[in-house]
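Let's take a friendly walk through a protein model. Have a look at the structure first, and then we will go through some of its residues together.

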Amino acid sequence: MKRIETERLILRPLTVADAEEVFLWAGDPVVNRYMPYPVHQSVEQTKQWLSTLGDKDEFGFCLKETGQVIGSGSIKYVEEYDAYELGYNLNRAFWGKGYATEAAKAMLQWAYEQRNARKFMARHVTKNTSSGNVIRKCGFQFSHYGQYSRYDGSETFDATYYTMQMK
Ligand SMILES: CC(C)(COP(=O)(O)OP(=O)(O)OC[C@H]1O[C@@H](n2cnc3c(N)ncnc32)[C@H](O)[C@@H]1OP(=O)(O)O)[C@@H](O)C(=O)NCCC(=O)NCCS
């Protein structure tokens, strides 16, 4: 079952019913600055995205204390790297409290156990240093510098790539 419990969070699949809370970050240009997807323009657009998730390994991060969905992340197999890629983003009101690292570590462990994942990768826009902190705290090692582009090709960023091998 896709449900992970950490000290302060429950990670579970997102549904269309989460749209209002998801839009708080998916529609925030500051959160979106270095993300590959275009910033959402309306809750309707967020609903549409949520309706496409199906059984993808995308998790909503819910605060145990209040039930609010404060962020989301994914752990996806990427053929090009033959590795599972970690990704995440968080409602800005909840930055600086360790939630992203807590959720990221939990998703990595989940993929290890449930997907038999052993090789992982992560990348961040080099300027986006707070994401680099999350990645390193999860135990990733620097691999190389490269670039990545937004899905719509509108921007290409200098990026830092990391890998991690678990036994
Ligand atoms: C990337 C992102 C998720 C990082 O968020 P974050 O709040 O910095 O990361 P965490 O939730 O792990 O919090 C870590 C910070 O909380 C602090 N913190 C406070 N209380 C804490 C606690 N109880 N436990 C752990 N850390 C705590 C840490 O010291 C750390 O602060 P520092 O970076 O100043 O050292 C966030 O900046 C974001 O959503 N950015 C936009 C989307 C994005 O760029 N995603 C990544 C694409 S590669």
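In which helix is the place of Ala 106? Ala 106 lies in helix α4. Here helices (H or I, at least four residues) and strands (E, at least two) are DSSP runs, numbered from the N terminus.

Before going on, a word on what you are seeing: this is a predicted model, where local features need pLDDT of at least 70, side-chain atom pairs count only at pLDDT 80 or more, and totals for chains, interfaces and linings use all residues. Residues are numbered from 1 along each chain as its sequence is written, and side-chain values use heavy atoms, with hydrogens and water left out.

Is Ala 106 buried or exposed? Ala 106 is buried, with a relative accessible area of 11%. Buried means under 20% relative accessible area, exposed over 50%, and partly exposed in between (1.4 Å probe, protein chains only). Not counting residues up to four places away in sequence, Ala 106 touches Ile 4, Thr 6 and Leu 11; contact means heavy atoms within 4.5 Å. Along the chain, Ala 106 and Glu 5 are 101 residues apart, yet their C-alpha atoms are separated by 8.1 Å.

Ala 122 sits in strand β6 and is buried, with a relative accessible area of 0%. Leaving aside neighbours within four places in sequence, its contacts include Leu 86, Ile 135 and Phe 140. Ala 122 and Ala 83 are 39 residues apart in sequence and 9.4 Å apart in space, C-alpha to C-alpha.

**The cores**

A nonpolar core is a set of buried Ala, Val, Leu, Ile, Met, Phe, Trp, Tyr and Cys residues joined through side-chain atoms within 4.5 Å. The largest one has 32 residues, and those with the most contacts inside it are Leu 11, Phe 61, Leu 86, Leu 108, Phe 120 and Phe 140. Among the elements that each supply at least two residues of this core are β3 (58-63), α4 (99-114) and β6 (119-125). The largest share, nine residues, comes from α4. A second, separate core of 13 residues includes Ile 10, Ala 26, Leu 50 and Leu 53.

**The cysteines**

How many disulfides does the structure hold? The structure holds zero disulfides, a disulfide being a pair of cysteine sulfur atoms within 2.5 Å. The sulfur of Cys 62 is 19 Å from the closest cysteine sulfur, in Cys 138, so it is too far for a bond.

| Cysteine | Relative accessible area |
|---|---|
| Cys 62 | 6%, buried |
| Cys 138 | 11%, buried |
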